[in-house]
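Let's take a walk through this one together. Keep the viewer open and follow along.

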Amino acid sequence: MELLSLLFNVLLALLIIVYLFVHRKQQYWKRLNVPYVEPEFFYGNSRGIDKSFPSGLFFRDIYLKHKSKGSIFGVYVYVEPFAIVTNLDLIKTIMVKEFNTFPSRGTYHNEEDDPVSASLLNVEGRKWHRLRNKLSPTFTSGKLKMMFSTIVEVSDKFIERIEKETEATGQLEIKDILSRFTTDVIAKTAFGIECNSLDDRETAFYKIGLRAFSTANFLKRLIVTKYQNLARKFHITTSDKEVSDFYRDVVEQTVKYRDENNIQRNDFMNLLMNTRNTSDPLTFNEIWAQSVVFILAGYETSSTALTYTL
């Protein structure tokens, strides 16, 4: 009985500590005297997020419902406070005039255990500024124009593939073919690789791209979103190992082949490799990470935007 009583008291104490912790976290906006949406214990304002609906819809709906609260109001994603800015001038101040104060996106990265996560999209502070300064010259209009002829070549094949796939039925699965099109464009402009997923859905580049956007573990995503320091201490990674290993091999082989054969191309990889000739060169892991985010961001976002456009 004494042991049961002790266990009960310990459990009760833990529950009280958790309650007090959550309660204090969910008083954040109240303490700052900022208008806020009243939170539900633990869930905040986000019950069902990422399970029943995506985070984008959550923020859209809560913005539309509560934007009358003022230029800025607070919400809670579970116990974490988020600020919703509704005033266009204030948004411009944050995103443009005072951007140096707000460069961090708050996204999880673990450079030690998962080097590919340390891309420009995720890193913060001085690392972000260094990468930004290194990569900005890569995206000048002149250097991007050098890739235009490459994109035209893939576009011509894209038109041919549309004609072939519509000959029989006059129908086309537009998201599928656009995903293959953007995969081929990114593979060629980034690495100079002819992956030909327009002709063959089974190409490794295309299949790995699909795998990269498969649904992640909900619990892991919750931990790395809300408790980033704890996630790093437990060496939690977010990248799919098969995906990151595939792209590492591609980058490694591409860099090695071009170095050994003194090959210069008008593509993204060549621009990254040239940073090695500066006083502050990018490491292999940094080149690898930027390559992956360039591929995945260019493939999925472009194919989705084109799908809606068409």
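Predicted model: local features only at pLDDT ≥ 70, side-chain atom pairs only at ≥ 80, totals over all residues.

Residues are numbered from 1 along each chain as its sequence is written, and side-chain values use heavy atoms, with hydrogens and water left out.

Start with helix H1, residues 2-25, which is where Leu7 sits. Helices (H or I, at least four residues) and strands (E, at least two) are DSSP runs numbered from the N terminus. Leu7 belongs to a nonpolar surface patch together with Leu3, Leu4, Leu6, Val10, Leu14 and Ile17, with about 710 Å² of accessible area between them. Patch members have over 30% relative accessible area and no salt bridge; nonpolar side chains (Val, Leu, Ile, Met, Phe, Trp, Tyr) are joined within 5 Å, like charges within 9 Å. The areas are Shrake-Rupley with a 1.4 Å probe, and for residues only the protein chains shown count as cover.

Next, the hairpin. Strands E1 (residues 72-77) and E2 (residues 80-85) run antiparallel, joined by 6 bridges; strands pair if DSSP finds at least two bridges between them. Val75 has Phe82 in E2 as its bridge partner. With 2 residues between the strands, the hairpin has Tyr78 at a positive phi near 60 degrees.

On to charges: there are 21 salt bridges in the structure, each a side-chain nitrogen of Lys or Arg within 4 Å of a carboxyl oxygen of Asp or Glu. One of them pairs Arg130 with Glu286, the closest N and O atoms being 2.6 Å apart. This pair links distant parts of the chain, with Arg130 in helix H5 (residues 125-135) and Glu286 in helix H14, 156 residues apart.

Now for the voids. On a 1 Å grid over the protein atoms alone, a cavity is a set of points where a 1.4 Å probe fits but cannot get out; a pocket is an open set with protein on both sides within 12 Å along at least five of seven lines, and lining residues have an atom within 4 Å of a point. Grid points are joined across faces, edges and corners, and a volume is the space filled by probe spheres set on the points.

The largest pocket holds about 1,500 Å³. Of its 35 lining residues, Thr107, Tyr108, Leu121, Asn122 and Thr238 lie nearest the centre. The second largest pocket has about 1,000 Å³, and Met95, Phe99, Pro103, Ser104 and Arg105 are the closest to its centre among 28 lining residues.

How many cavities of 30 Å³ or more are there? The count is 1, and the largest cavity has about 40 Å³ of space. Its lining is Thr183, Phe205, Gly209, Tyr247, Ile295 and Tyr299, with helices H9 (204-212) and H14 (284-309) each supplying at least two residues.
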